[in-house]
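Let's take a quick tour of a protein model, one piece at a time. Keep the 3D view open as you read.

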Amino acid sequence: MCQNVKYGIWNVQEPDAHAVNDLVGAGYAPLAAMVLASRGIRDGAQAKRYLDCNAPLIDPFLMTDMDLAAGRVGLAMARGEKIAVFGDYDVDGITATSLLTDFLRRHGADVVSYIPGRLEEGYGLNPIAIRQLHQAGVNLIVTVDCGITAVDEALLCRELGMDLVITDHHECKDTLPQAAAVVDPHRPDGGYPHKNLSGVGVAFKLAAALSGDQKAVLEEYADMVCLGTVADVMPLQGENRVFTARGLQMLAHTKRPGIAALMKETGCAPESITATSIGFMLAPRINAAGRMGQVDLALELFLTEDPVQAQELARQLCDLNRQRQNIESEIYQQALAMLPSGRPPEAIVLADEHWHQGVVGIVASRIAEEFACPTFLICLDGEHGKASSRSHGGFNLFASLTALSSLLESYGGHELAAGFTISRQNIPEFRRQMCALAAGYYTDDAPRTSLNLDCAIPPELLTLSNVDSLQVLEPCGNCCPKPVLMMRQLTLERIFPVGGGRHMRLRLRSGRHIVNAIYFSATAQTASIAPGDVVDVAFTPQINDYRGERTVQMNVLDIRPSCTACCSLEVAGYRALQQGRLSPELARQLMPGRSTLATVWRYLAASNPPVQESPLCLCRKIVRWSNQPLSLEQLLTCLDIFRDVGLLELSRQHKDLTIRLTPGPGKADLNTSPTMQQLLQAKES
């Protein structure tokens, strides 16, 4: 499938010149100052607050029910009661379980850990696990990273004479479980100022409350808190920024055999570890254990003190991750084959009996990004299905599932990712209603994919010292992202396929400046580029250290044709045309003149047939080629007119248009086009 422009809209910020000058005066390098100013930072004092990695930690007892939670766990420790730490099977849940288990054991508690099997039990507290723990003599269950929706399970614990303490960080429903304590920063009656803690962050707070020395607990467990916080994509602000910075320092000199072995097995250098390293190298391997039904491997990795065992566990996790990648690829191809042709749906809801429950979430994320809509993949088992879903463009999954809860057996999660169970017979109606909800959210046909760029820069700013200066922004992640920059009007000189043709290196020029770039998971064909093109490039700057020689290169995120004339993304008129509700004003705005029709036709005729492009990419190329303004809606209207009179065949496969010119008997009368007639009638009404 032709990717073309990955992001329909580039939101490029314009840094305030006075703010840039003030930040340079405060000691920041010019490029770092431009990035900070683009993010609304106006002076050195504000920058210091934004980047602060040493903010004081908040009193854990400000969290509602923390006193009750610490009191009940402390009582169990004093009495010698058997405690179960009950977690989740992702990185956040595994690190939370490991942290609290290790902390309680070091303080003399009789504690076992339990993470439910993803495939056998599913997410969260469940009757099977509760009864099993009860038979094992557990008196108190403490949940981490789960439990906030476990209303029925809390009642079962009470019936069996077991106490339950819940610590979680997910969204609360209207009814909270009846437990000895319910600790969650999202509680509506909570007063904790930092709502966006991870599950391991809340578990850390419980350990800190029990210890009475929060700094000492962080010194012992900052690595685990950092791993869970980054892997769960928590905002790196406030306490999360402190957790991550301290954790990265600890990971650089880790004393945990399991973490050291995993970093070695993945080729992750401890001295240069970053939040990005965690997200792309460590987290997938840890997550693979839960996804592939062997979560105990990851738990043992964090708790073992035996270096030999740690090496074997790390090797097994990497093997599991390779298996996961193969299964993911198979499911992805199957899901693509199930999609309807033509216009992309407002929401994608697919189901299959053979999909792997532990992997569909990754595939859903990939499809949601590629097709720019919320995606729901359901693993069928008999008359029921378990689903994983991922959002796109701000569509609130948790709210949408709540609205359709009458069709579901259970659900949970948050705005961006959620899961649910559903009866097979309800899937068609769920699909219909979810597509309707998404249609109401996405109000037009304009591009939904957007890329936020910090600023456009001239090539002379892309120097070693300037790129090195961007380290001041670390740790980078959610809410403090790596800088994304833009350069305009670059001439593409050379394209070098690398990685077996899966990636490409680029050589670009702007005047006397030469810039080298790497573009992963893209080819000249999928990016629709060729030597000689004049392009705009969105990228993250990086240092390439090869055999001791350090050079600056672009890590390309997107490429689009440069435009010297206006290329409007407005599509309100075209949408009204499609729906038969054109006003005279919209008709006049949309009506293409003879010169516009001629320009579009000449470009198509000069192109190598067939033309396969995203509409936006095609529009920008025509504007670049002709140096004439053209709106996206006018381009789409021109194509419809040409199709009406038989000059071309037009098909749409999701984001892409395929255009084939058809040989005709002679000149075609464009005025006979139904599309043109509709425009003329609306214009004169």
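Is Asp-656 buried or exposed? Asp-656 counts as buried, at 2% relative accessibility (buried is under 20% relative accessible area, exposed over 50%, partly exposed in between, with a 1.4 Å probe and protein chains only). This is a predicted model, where local features need pLDDT of at least 70, side-chain atom pairs count only at pLDDT 80 or more, and totals for chains, interfaces and linings use all residues. Residues are numbered from 1 along each chain as its sequence is written, and side-chain values use heavy atoms, with hydrogens and water left out.

- Asp-656 sits in strand S21, residues 656-661 (strands are DSSP runs of E, at least two residues; helices are runs of H or I, at least four; both are numbered from the N terminus).
- Between the C-alpha atoms of Asp-656 and His-253 there are 49 Å, and the two residues are 403 apart along the chain.
- Ser-400 belongs to helix H16, residues 397-403, and is buried too, with a relative accessible area of 5%.
- Setting aside neighbours within four places in sequence, Ser-400 touches Phe-395, Met-434 and Leu-437 (contact means heavy atoms within 4.5 Å).

**Helix H5**

- H5 covers residues 91-106, 16 residues in all, and spans 22 Å from its first C-alpha to its last, close to the 22 Å expected at 1.5 Å a residue (the expected span is 1.5 Å times one less than the number of residues).
- Of the 16 residues of H5, 14 are buried, so the helix is largely enclosed by the rest of the structure.
- Just after H5 comes Gly-108, with a positive phi of about 85°.

**Helices that cross**

- Two packed helices are described by the angle and the distance between their axes.
- The axes of H11 (residues 257-266) and H14 (residues 307-338) come within 8 Å and cross at roughly 45° (axes are lines fitted to C-alpha atoms, for helices over the stretch in contact, and angles run from 0 to 180 degrees between N-to-C directions).
- That makes H11 oblique to H14 (under 35 degrees is roughly parallel, over 145 roughly antiparallel, 65 to 115 roughly perpendicular, and the rest oblique).
- For H4 (residues 66-79) and H8 (residues 199-211), the axes come within 9 Å and cross at roughly 65°.
- That makes H4 roughly perpendicular to H8.
- In this contact, Met-66, Ala-69, Ala-70, Val-73 and Gly-74 of H4 meet Lys-205, Leu-206, Ala-209 and Leu-210 of H8.
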